[in-house]
Amino acid sequence: MAVLTAPKIVSSRRDFDDSYTLKRYLATGGYEGLKKALTLNPEKVCAEVDAASLLGRGGAGFPAGRKWSMLRRAPLSYLVVNGDESEPATFKDHYLVERDPHQLVEGVIIAAYALQVTQAFIFLRGEFALGLERVQSAVNEAYKHGALGENIFGSTFSLDIVVHPGAGAYICGEETSLLEALEGKRGFPRIKPPFFPAVNGLYGEPTVVNNVETMSNLPWIISNGGAAFAALGEGRSTGTRLFALAGNVVNPGVYEIEMVKNTFRDLIFDPALGGGVPGNKKVKAIIPGGVSAPWFGPDLLDVPLGADEVAGKGSMLGSGSVVVLDEDQCMVRAAWRITKFFSRESCGQCTPCREGSGWIERVMYRLEHGGGRMEDIDLVLDLCDNISPGLTWPPQQTTICVLGPSIPSAVHSAISMFRQEFIEHVENGGCTHV
Amino acid sequence: MSEITRTAVSITIDGRTIEAEPGELLIAAAERAGTYVPRFCYHPRMEPVGVCRMCLVEVDGPRGATLQPACYLKVNDGMTVTTDSPKVKKAQDGVLEFLLANHPLDCPVCDKGGECPLQDQTLAHGSGETRFIEEKRHFAKPIPIGENVLLDRERCIQCSRCTRFASEVAGDTQIAFSGRGDMIEVAPDPAHPFDSVFSGNTVQICPVGALTAKPYRFTARPWDLDQVESTCTNCAVGCQVAVQSSSNRLTRVLGLDSEAINHGWMCDKGRFAIEAVDANPESVDPLSPKTRITQPLVRVNGKLEVSTWNEALARAASLLSVAAPEQVGIIGGAALTNEGAFAWERFGRGVLGTDNIDAQYGDGLDGLLLQSLPAATIEEATKAPVVVTLTGDLREELPILFLRLRETIVHRGQKLVEFTSVASGLSDHATVSIPVRPGEVSSIVSALVAKEGVAPASSAASSESLNVARELIGLGEGVVFVIGRANVAEDSTFIENSIQTLRDAYPKAKFLSALRRSNVHGALDMGLAPHLRPGRSFQFSAGRSTTEQLDALASGKQKAVLLAGGCLIGNVIDQKLAKSALKKADVVAVTGHGGATLEFADVVLPALVANERTGTFTNIEGRVLGLQAKVVAAGTAWNDVAIASELAEQFGQSLGLNSVDHAAQTIEATTGYPTWKVLSGQSIEGLLVNAANEGSAIRPLDPAAFPGVQPASNVGLGTLTGSIATPSIETVSTVEKAVEGDIAAVNPAKSGVAKANEIRLVVSRALYDDGMAVQASSAFDNLRTRASITLHPATAKKLGVSQGDSVKVTSKSGQGVFEVLENLHAVIGTCQVALGARNAKNVDVVRPLVQVTEPVTRVEVVKA
Amino acid sequence: MSYFNADIQKRAAQLLSLYPRRRSAMLPLLHLAQEQDGYLSEAGIEEVATMTGTTPADVRGTAAFYDMFHLEPVGQYVVGVCTNIACLIAGGEELLEHASKKLGCAVGGTSSDGMFTLEETECLADCNIAPCVQVNHRYVRTTTPDSFDAMIGEIREGKRTDEIPPHGTLIRVRRDGGLRTNEPEVVEARATTLKARDARVAKEQK
Ligand SMILES: Cc1cc2nc3c(=O)[nH]c(=O)nc-3n(C[C@H](O)[C@H](O)[C@H](O)COP(=O)(O)O)c2cc1C
Ligand code: SF4
Ligand code: FES
């Protein structure tokens with residue numbers, strides 16, 4: 001049974017239709033965290049976030065407090081918020097920017113204060129037209145309310161936030177690529193090292209990049225204390241987290257649940273959450289953390305929703321998306337479509353990623369649609385191996401950024417878990433699923 | 001702290017310990033140590049990007065050995081690297097296979113076939129069989145992306161060398177990556193083709209056959225090509241090049257990586273002007289630059305007829321045999337080799353006994369002054385913390401010098417102080433760009449060197465910018481002044497006085513000449529100037545400069561002239577004077593190229609031209625560089641040493657020079673000028689002939705040893721002053737006032753006619769002008785400078801004209817119709833035109849405008 | 001003279017003032033250029049190049065990296081149907097096929113009346129209402145062929161114009177009240193904050 005006792009930290013206003021307005025926000029404790037933060041000195045604010053042990057919600061799961069404290073020696077120049085959310089089946093930041101933009105803005109101001117930067121950018125996925133309007137409205141309202149701009153709430157702290165629209169490129173979620181886009185260039189990821197944003201970020205200056213959800217947790221953490229947050233969850237994975245549940249479930253949607261205390265099974269089957277698989281069909285596989293993550297079979301449904309717990313089983317919680325594939329789904333088709341995504345979204349810099357993704361996609365297309373050869377199955381695996389040598393987890397890579405080694409995840413999972421299905425595709429001259 | 005002592009680091013490559021420079025890229029360190037790591041995107045003269053992933057090697061780190069790009073990784077002390085493990089091999093083979101997946105198999109018809117790294121890698125390591133049965137990516141086959149460059153997108157391996165070159169090195173992003181993923185392609189903007197003057201470099205550095213050059217396409221296969229290392233003679237920078245030919249036809253020129261000079265780059269003029277050597281075999285009209293002169297010609301009944309050497313030489317000698325030495329002279333010489341120049345100097349002074357010798361056409365700088373300057377090398381100019389330019393637009397005049405300076409200014413934080421009368425390619429990058437109108441430079445420079453000097457009230461410069469410049473220059477230590485002739489419609493006295501002022505005010509500074517005409521520096525060093533003697537010595541004489549000779553010829557004081565290479569009419573500003581002078585004179589022309597001048601020649605002696613002759617060349621820094629013959633000339637052309645010697649024989653005298661080699665040895669023996677060493681095959685860095693070259697007998701002239709250059713005349717200087725507001729481009733209103741003021745200032749007290757739209761004329765130089773090489777090479781047919789005037793928007797507004805308008809420009813001596821181009825870097829109150837511009841009827845519209853007898857030319861601009 | 005109309009020009013100027021370097025305004029400026037012309041016209045690209053201090057080739061190449069920028073004219077309504085994993089499971093491919101028939105154009109093409117351009121998109125981050133459809137980047141949440149047809153009908157009848165602006169218009173909310181990054185008083189206010197920070201860091205390090 002799911003443990004649903006934890007407070008709603010980032011989705012507390014989900015039942016209000018006007019949750020995105022300043023009026024509602026103020027009526028529900030809005031900007032109190034910021035006011036409190038401004039009474040503390042910045043180091044103390046950082047310490048609270050550190051105590052909360054808030055893991056970054058963008059995918060890599062690096063603790064925000066640690067990221068910040070590593071930086072505080074060298075004065076930071078910019079804070080950049082990553083709202084590019086394009087990992088397939090991930091839609092929790094979409095929820096946050098449309099439904100609770102003030103919470104995001106407050107979080108950004110708190111972070112900026114903690115980091116003592118005076119310029120922040122919120123980079124939002126271009127396709128979020130409504131989200132862009134809501135966040136821009138929230139920023140406008142925050143200015144009028146005195147929560148943003150010169151001398152915030154009468155303090156000596158000043159901050160400007162610019163809402164920056166993306167323009168349709170998944171790779172811009174990768175933080176260095178995002179910075180390139182913010183510099184007005186093509187979203188080509190930079191090589192780390194030396195381009196760790198913290199050292200060599202926007203315009204070559206030290207920059208913190210954090211995810212929308214990471215930021216949205218800050219008002220609560222400051223209001224309630226880092227310890228209260230850390231008391232939730234277990235081990236490295238503290239607090240609650242938004243999970244975007246999609247695919248073959250009765251109630252797809254965004255759910256905020258306590259980390260580690262719940263398992264994939266809880267998330268998928270609890271009546272208050274996913275509500276099970278339609279038609280009571282069996283789960284064939286799940287994609288546990290975005291399509292970059294290796295898949296889990298039904299045998300791993302009881303793995304707790306925690307970073308280390310999932311990593312221990314050879315995958316990742318990643319972007320907080322869970323896709324359920326029921327017994328009727330064609331695994332070749334699923335893996336092909338995911339590869340097609342990477343092929344379309346590869347930035348094109350690195351040969352293995354640019355050429356490999358397209359080649360694998362075309363072979364996978366043949367396997368699915370007819371024309372596949374038996375040797376193609378191992379051919380795609382070998383091509384995968386040339387992008388991510390050894391096909392290990394965590395992956396090795398021959399590319400600049402980790403989009404490259406994400407390409408093999410679906411193909412490798414599908415072939416190792418469902419090789420027979422691939423063989424049948426070859427034998428039957430294509431897919432026989434309805 | 002003075003110098004940081006750099007200690008070498010040691011790294012282990014495949015079990016071998018080697019020394020490397022701290023901060024060096026692993027790929028370079030490995031290569032020096034004999035381990036070649038395959039690569040495609042890496043280019044040693046550009047910032048690494050690490051995108052092709054071909055150079056992956058295993059590097060030990062905290063998390064075990066991981067694959068890292070050798071082109072991107074800097075060496076660290078103790079680094080352990082494996083380049084030959086199975087893991088490395090698999091990764092590299094994988095990259096190669098991926099690259100080939102979408103690469104067409106058209107090597108047999110590809111220009112690059114035979115010299116293609118992708119082909120080589122594939123032959124060495126690729127598997128014979130492809131595992132790919134899918135359709136490859138398809139694009140329309142080669143599309144022209146610029147005048148001389150074609151792109152085959154199917155062959156592109158997305159290494160980004162070309163796009164990086166365009167933006168990082170050349171600074172004009174006319175091509176860029178477009179699209180994403182495997183549909184990425186190199187693309188220009190359709191409305192703005194890739195016509196950068198550096199476009200050919202992208203063809204040279206493309207590792208596959210994706211970019212090809214129109215002039216070279218399908219002319220040869222690499223294995224049929226023969227090559228020599230030589231020096232480009234299209235301008236005075238002296239780029240080191242590989243000249244290639246096939247069946248005695250020049251096919252291609254490639255830049256060589258000379259550390260001192262061109263870093264492997266070239267401009268398109270140098271690269272594509274080889275057509276001028278082959279010229280058009282059908283062209284026989286001696287007045288056409290497309291014609292190669294391959295036989296002696298003698299004028300018979302008013303027509304030039306093919307003749308024999310014996311007859312032509314005898315005829316030439318009789319024409320040059322005048323009653324007194326002052327009745328004869330030599331003009332030209334910048335197109336010669338040092339040896340050729342030396343031979344003609346000996347002939348002129350020794351046989352003809354005259355000092356009427358001048359290699360320049362009145363559009364350069366005084367040779368004595370040039371040789372009195374402490375010379376800087378290009379390298380010194382690029383290493384100087386502050387560089388100061390008083391020149392024209394270097395991108396148009398000396399493109400590779402522009403490239404070298406741009407690199408240090410943009411990428412290494414060098415400060416540029418620009419005194420400019422033209423919209424220059426460096427203006428965007430200048431720390432301070434001081435506008436100079438015609439006639440103002442000497443007063444502005446005087447204000448600069450004066451303590452707390454203020455900008456002359458009437459000038460375009462502001463005191464603030466002069467203060468910044470003064471501060472940057474300091475005492476001049478380590479500062480390099482790049483000096484040239486920005487405006488040929490301005491009396492050279494202005495700039496020459498300014499250079500003297502700078503030399504005297506900043507004795508610790510160095511100077512780099514920006515004279516652009518081919519071997520003009522070599523010609524001056526060989527004494528082809530009235531007061532100069534070979535080996536940078538001088539002796540005052542009554543010899544005439546080119547302009548003075550033309551005057552003397554026109555007035556009958558001088559009877560005959562020998563034109564030593566180059567087309568006098570095509571080069572000189574005052575064509576009217578030149579024509580009337582030559583019409584009266586007996587003219588012996590020594591040249592390999594046809595041209596307008598030959599209309600007046602009585603005898604034409606055919607000389608070898610670039611790439612047909614061996615010898616040496618001296619560039620802007622005074623660096624002596626080798627010239628090697630690549631092709632054998634058609635017909636019976638001789639080298640200049642032979643021609644001069646044979647002509648001397650006709651006078652019953654001997655120059656004592658048996659051959660080009662002998663001439664080189666003689667130069668070295670008599671002057672210490674080291675041409676012979678270069679000739680006998682030294683490195684492509686050449687030999688520096690200036691004070692910096694220890695042990696060299698050649699030193700700059702001591703300025704104290706001669707009284708300096710007297711201004712030719714001071715006429716008119718007074719009329720240029722007046723009171724106007726200091727222009728600032730900040731606000732339109734002050735700008736307008738400035739223009740108004742300027743117009744008031746140039747209000748001709750002399751002429752007495754005030755015209756509201758009269759402004760000062762700047763005649764700059766364009767790379768694709770109407771020079772012989774440009775006219776003879778079809779590569780430049782559509783790139784030739786247009787009949788346009790460049791105006792600052794404020795000037796345009798004041799004149800009531802705007803971008804694209806057709807305007808009539810009138811001076812006291814001529815007029816022409818031009819198109820208006822607005823440019824924020826143009827100097828307010830001036831009208832800039834480029835020498836070489838012609839109208840639709842192919843008639844020169846610029847030279848006639850220049851009032852050669854005036855210190856500056858004023859023009860009136862009205863809408864046509 | 002600017003190619004942009006007065007309103008776009010004003011907003012462009014504001015955008016340019018928001019960023020420490022003008023090239024940073026590239027993507028928002030391209031959205032504005034697209035708002036004016038419905039796609040990125042040659043003149044729009046030139047204008048953005050001038051504003052950002054770059055070249056047309058650079059702007060074009062940059063724009064072509066991003067899916068939302070159209071270098072060729074498109075319909076007044078760009079319809080995007082997602083076929084990525086969650087939508088695939090929910091029938092995204094079938095809905096896309098239906099849309100193609102309904103609009104009478106191939107995927108990537110434009111309907112003969114020039115009104116609609118159809119695109120296959122990657123995940124649009126609205127997977128709980130799959131298959132996901134956007135029109136001019138507004139979620140229309142029509143997951144079945146019938147609801148799709150109804151939606152198209154309403155657009156044709158002009159019933160959705162408030163909700164769905166013409167193609168290119170992305171953000172209708174204007175930034176207001178906000179400080180402009182490069183204005184002197186802002187620079188000063190931020191300098192004060194930074195000075196305070198530096199003083200504290202200095203104290204800490206003692
Ligand atoms: C291909 C790729 C796509 C990514 N997309 C996103 C994204 O859409 N949103 C996001 O917040 N992080 C994304 N990331 C992770 C970011 O690079 C970065 O780690 C994150 O924004 C840091 O924020 P956090 O520490 O708050 O999680 C992506 C990473 C990669 C490699
Ligand atoms: S791995 Fe792929 S997405 Fe990442 S930088 Fe390389 S080509 Fe671009
Ligand atoms: S040569 Fe190193 S990545 Fe291309």
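Nonpolar means Ala, Val, Leu, Ile, Met, Phe, Trp, Tyr, Cys and Pro, charged means Asp, Glu, Lys and Arg, and polar the others, Gly among them. In this predicted model, local features need pLDDT of at least 70, side-chain atom pairs count only at pLDDT 80 or more, and totals for chains, interfaces and linings use all residues. Residues are numbered from 1 along each chain as its sequence is written, while chains are lettered from A and ligands numbered from 1 in the order in which they are written.

Among the 18 residues around ligand 1 (a heavy atom within 4 Å), those that come nearest are Gly58(A), Asn82(A), Asn210(A), Asn211(A) and Thr214(A). The table gives polar contacts (pairs of N or O atoms within 3.5 Å).

| Ligand 1 atom | Polar backbone atom of | Distance |
|---|---|---|
| oxygen | Gly58(A) | 2.6 Å |
| oxygen | Glu85(A) | 3.1 Å |
| nitrogen | Gly173(A) | 3.3 Å |

On its own, ligand 1 has 610 Å² of accessible area (Shrake-Rupley method, 1.4 Å probe), and the protein covers 90% of this.

Around ligand 2 there are 13 residues, of which Cys347(A), Cys350(A), Cys353(A), Thr399(A) and Cys401(A) come nearest. The shell around ligand 2 has eight nonpolar and five polar residues, and no charged residues.

In chain B, helix H16(B) (a DSSP run of H or I, at least four residues) is mostly covered, with 10 of its 14 residues buried. Buried means under 20% relative accessible area (1.4 Å probe, protein chains only). Phe494(B), Ile495(B) and Leu502(B) are among the buried residues of H16(B).

Key. Side-chain values use heavy atoms; hydrogens and water are left out. A polar contact is a pair of N or O atoms within 3.5 Å; within protein, one must be able to donate a hydrogen and the other to accept it, and residues adjacent in sequence count only if both atoms are side-chain atoms. Buried means under 20% relative accessible area, exposed over 50%, partly exposed in between (1.4 Å probe, protein chains only). Helices (H or I, at least four residues) and strands (E, at least two) are DSSP runs, numbered from the N terminus.
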